[in-house]
Amino acid sequence: NYLQGFTENDKVAFVAEPAVQKGMHFRRFQGHIGVVVGKQGACYKIKIKDGGLDKYLIVHPVHLRRQA
């Protein structure tokens with residue numbers, strides 16, 4: 001999971017991996033589903049909808065799971 005890759009417009013779910021704290025999302029977003037917008041270093045920029053607003057999170061791929 002540490003080296004998995006994603007492309008733009010992939011749907012991903014936030015699933016925290018407690019063994020790796022680097023690039024972890026805030027606990028409030030656990031289980032949310034978002035769309036990959038781009039890449040920033042080793043992490044991915046994910047767009048989610050929260051409270052009617054678009055939010056962007058930068059998350060390491062070890063904390064992401066691909067959704068169908």
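1. Let's start with the pairing of E1. E1 (11–14) is joined to strand E2 (residues 33–40) by three bridges, and the two run antiparallel. Strands here are DSSP runs of at least two residues, marked E, and they are numbered from the N terminus. Two strands pair if DSSP finds at least two bridges between them. E1 also has three bridges to strand E5 (residues 64–66), again antiparallel. Alanine 13 shows both pairings: its bridge partner in E2 is isoleucine 33, and in E5 it stands opposite arginine 65.

2. Before going further, a word on what you are looking at. This is a predicted model, in which local features need pLDDT of at least 70 and side-chain atom pairs count only at pLDDT 80 or more, while totals for chains, interfaces and linings use all residues. Residues are numbered from 1 along each chain as its sequence is written, and side-chain values use heavy atoms, with hydrogens and water left out.

3. Now the whole sheet. The five strands form an open sheet in the order E4-E3-E2-E1-E5, with antiparallel pairing. Strand E4 (53–59) and E5 are at the edges with a single partner strand each, so one side of each has no neighbour in the sheet. From one strand to the next, the twist averages 45°; the axes behind such angles are lines fitted to C-alpha atoms, and angles run from 0 to 180 degrees between N-to-C directions. As background, strands of a sheet pair through backbone hydrogen bonds, either parallel or antiparallel.

4. Two hairpins are worth a look. E2 and E3 are connected by five antiparallel bridges, and they form a hairpin with two residues between them, where glycine 41 in the turn has a positive phi of about 70°. E3 and E4 are joined by seven bridges, also antiparallel. Their hairpin has two residues between the strands too, and glycine 51 in that turn has a positive phi of about 65°. Aspartate 50 stands opposite leucine 53 in E4.

5. What is the bridge partner of lysine 39 in E3? The partner is tyrosine 44, and tyrosine 44 in turn has valine 59 as its bridge partner in E4. Tyrosine 44 is buried, at a relative accessible area of 5%. Buried means under 20% relative accessible area, exposed over 50%, and partly exposed in between (1.4 Å probe, protein chains only).

6. Tyrosine 44 also takes part in the one aromatic pair counted here. Its ring and that of phenylalanine 6 have centres 5.4 Å apart and planes at 85°, so the pair is edge-to-face. The rule is that rings of Phe, Tyr and Trp (its six-membered ring) pair if their centres lie within 6.5 Å, with planes under 30 degrees apart counted as stacked, over 60 as edge-to-face and the rest as tilted. Phenylalanine 6 lies in the segment before strand E1 and tyrosine 44 in strand E3 (residues 43–50), so the pair links distant parts of the chain, 38 residues apart. Phenylalanine 6 is buried as well, at 9% relative accessibility.

7. Lysine 45 lies over the face of tyrosine 56, 5.5 Å from the ring centre. A charge sits over a ring if NZ of Lys or CZ of Arg is within 6 Å of the ring centre and within 35 degrees of the ring normal.

8. Is aspartate 10 buried or exposed? Aspartate 10, in the segment before E1, is buried, with 17% relative accessible area. Its side chain has a polar contact of 2.8 Å with the side chain of arginine 66, and one of its side-chain polar atoms lies 3.0 Å from the backbone nitrogen of threonine 7. A polar contact is a pair of N or O atoms within 3.5 Å; within protein, one must be able to donate a hydrogen and the other to accept it, and residues adjacent in sequence count only if both atoms are side-chain atoms. Not counting residues up to four places away in sequence, aspartate 10 touches Gly34, Val35, Val36 and Arg66, where contact means heavy atoms within 4.5 Å.

9. Asparagine 9, also in the segment before E1, is exposed at 63% relative accessibility. Its phi is near 70°, a positive value in a residue other than glycine. Most residues other than glycine have a negative phi.

10. Finally, isoleucine 33 in strand E2 is partly exposed, at 48% relative accessibility. Leaving aside neighbours within four places in sequence, isoleucine 33 is in contact with Val12, Ala13, Ile48 and Gln67.

Conventions. Helix = DSSP H or I, 4+ residues; strand = E, 2+ residues; numbered from the N terminus.
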